[in-house]
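Biologist: I've got a model open and I'd like to learn how to read it. Could you walk me through it, one question at a time?

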Amino acid sequence: MSGGEGNTEYGRKKFTRSPSHFTDRITADGRDGWPVEEGRYRLVVSRACPWASRAVISRRLLGLEDAISLAIADPVQDDRSWRFTLDPGGRDPVLGIRFLHEAYDRRETDHPGGVSVPAVVDVPSGALVTNDYRRITLDLATEWTAHHRAGAPDLYPEALRAEMDEVMEDVHRDVNNGVYRAGFATNQADYEEACAAVFDRLERLARRLERRRYLMGDTVTEADVRLFTTLVRFDPVYHGHFKCNRWKLTENPVLWAYARDLFQTPGFGDTVDFDHIKRHYYMVHTGINPTRVVPLGPDLPAWLSPHHREQLGGRPFGDGTPPGPVPPGEEVPGAGRPRPS
C-alpha cells in the first residue's frame, strides 16, 4: 500500500496498482547481493495495510521475530509517506528515520511508484532492499528456513505450488485488488464490473471451503494468509467505504466461519489492529471520505465466537506447532482488538 502523494486522489481518478519497483530478493545464497542474515534487515509495515499484514503474519507463523526486526508505521500517513510517529521522538529507533521515504531515497532518488509497505530495509546502510509484497512472504517461507522456529508450518509446500499459484492469482485479481478497483472506481461501469468480480470470486471460494478447512486442504498455507487479510477488513472498511456491499462477511456462513477460524489461530488475529485499519482507510482516502469521520462499528466480539470449522478435520500447523506468545512490544493495543462480550 502506497503512502505519500496521491492519497487525496483516491476516488477521483481511475485506480491502477503500481508494480513493485524494487524487486531484489533476500536469498539463502545471496544471488541478488542480499544474503539471508539474522538481524541485518528490518521489516517496515503498517498494520492497516493488507499487503503488509501478509508479511507480519508470515513472520510470526514462521517464528522469524528474532531474525527480522519489525517497524510499525502510523496508520495515518501524510504526503511525505509512512511516518514513524508511533515511536518516541517520531523516529524509528533502529533506522533513525522519521519517514519511510528516507530509506527509499537512500536506495534510489526520484524512484517511481510511490512509497509502499511492506518494505524491507537493510539496517547497516539504511537503504531499501525490496517492496515486492508478492515475493517477500514467499521468500520468508522458502529462503529463511534456517531461521524458522521449530514446528513452523510449510506455508508454500512444493507439491502444491502450481495449484496454489493459480488460487492466489484468482484471489489477488478479484478479491485483494478487486475491492480497491471497486472502491476507487470513478464511473459506474468500472465499479459494477469490479464489485461483481469480487462477489463472484468470494462465492466460488465459499464453495471451495465448504468441505475443506483451508484453501489448500488440511493445513494453513500462504493462500490462506492472502485471503484472510482481505476478509478481516471486509466489514470494517470494504463493505461501506469501498461500496462492496452486496452482502457482509458475517452474512456468508462459510467465509465468516473460515475467517473466524483463522482469526482465532495464533499468528493471525493477534496481528490484527482494527483501530489502525479503520483510521487509515477512513482518514487517508479523502477522495472517498472527505469528512474523515471514522465509523464506530462493526462490533468486534463476534470474531471470538465459536466457528465449528474443526468439524472438517485438519490441523492448522500440520505436524508442527502454534507460534509462541507475541513478542513484547509487538502486541496490538487494546483499542484494536476484540474483547469477549
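Biologist: Let's start with Phe228: buried or exposed?

Modeller: First, a heads-up: this is a predicted model, where local features need pLDDT of at least 70, side-chain atom pairs count only at pLDDT 80 or more, and totals for chains, interfaces and linings use all residues. Residues are numbered from 1 along each chain as its sequence is written, and side-chain values use heavy atoms, with hydrogens and water left out. Buried means under 20% relative accessible area, exposed over 50%, and partly exposed in between (1.4 Å probe, protein chains only). Phe228 has 1% relative accessibility, so Phe228 counts as buried.

Biologist: Which residues is Phe228 in contact with, leaving aside its neighbours within four places in sequence?

Modeller: Phe228 is found in helix H7; helices (H or I, at least four residues) are DSSP runs, numbered from the N terminus. Contact means heavy atoms within 4.5 Å. On that basis, the partners of Phe228 are Ile57, Ala259, Leu262, Phe263, Phe268, Gly269 and Val272.

Biologist: How do the axes of H4 and H7 cross, and what does that make H4 relative to H7?

Modeller: Axes are lines fitted to C-alpha atoms, for helices over the stretch in contact, and angles run from 0 to 180 degrees between N-to-C directions. These two come within 9 Å and cross at roughly 10°. Angles under 35 degrees count as roughly parallel, over 145 as roughly antiparallel, 65 to 115 as roughly perpendicular and the rest as oblique. So H4 is, relative to H7, roughly parallel.

Biologist: How do the residues of the contact of H4 with H7 divide?

Modeller: Met164, Met168, Val171, Val175 and Asn176 in H4 meet Glu222, Ala223, Arg226, Leu227 and Thr230 in H7. Ala, Val, Leu, Ile, Met, Phe, Trp, Tyr, Cys and Pro count as nonpolar, Asp, Glu, Lys and Arg as charged, and the others, Gly among them, as polar. Sorted like that, the contact divides into 6 nonpolar, 2 polar and 2 charged.

Biologist: How many disulfides does the structure hold?

Modeller: A disulfide is a pair of cysteine sulfur atoms within 2.5 Å. For Cys49, the nearest cysteine sulfur, that of Cys244, is 17 Å away. For Cys244, the nearest is that of Cys195, 4.8 Å away, and Cys244 is in no disulfide. The number of disulfides in the structure is 0.
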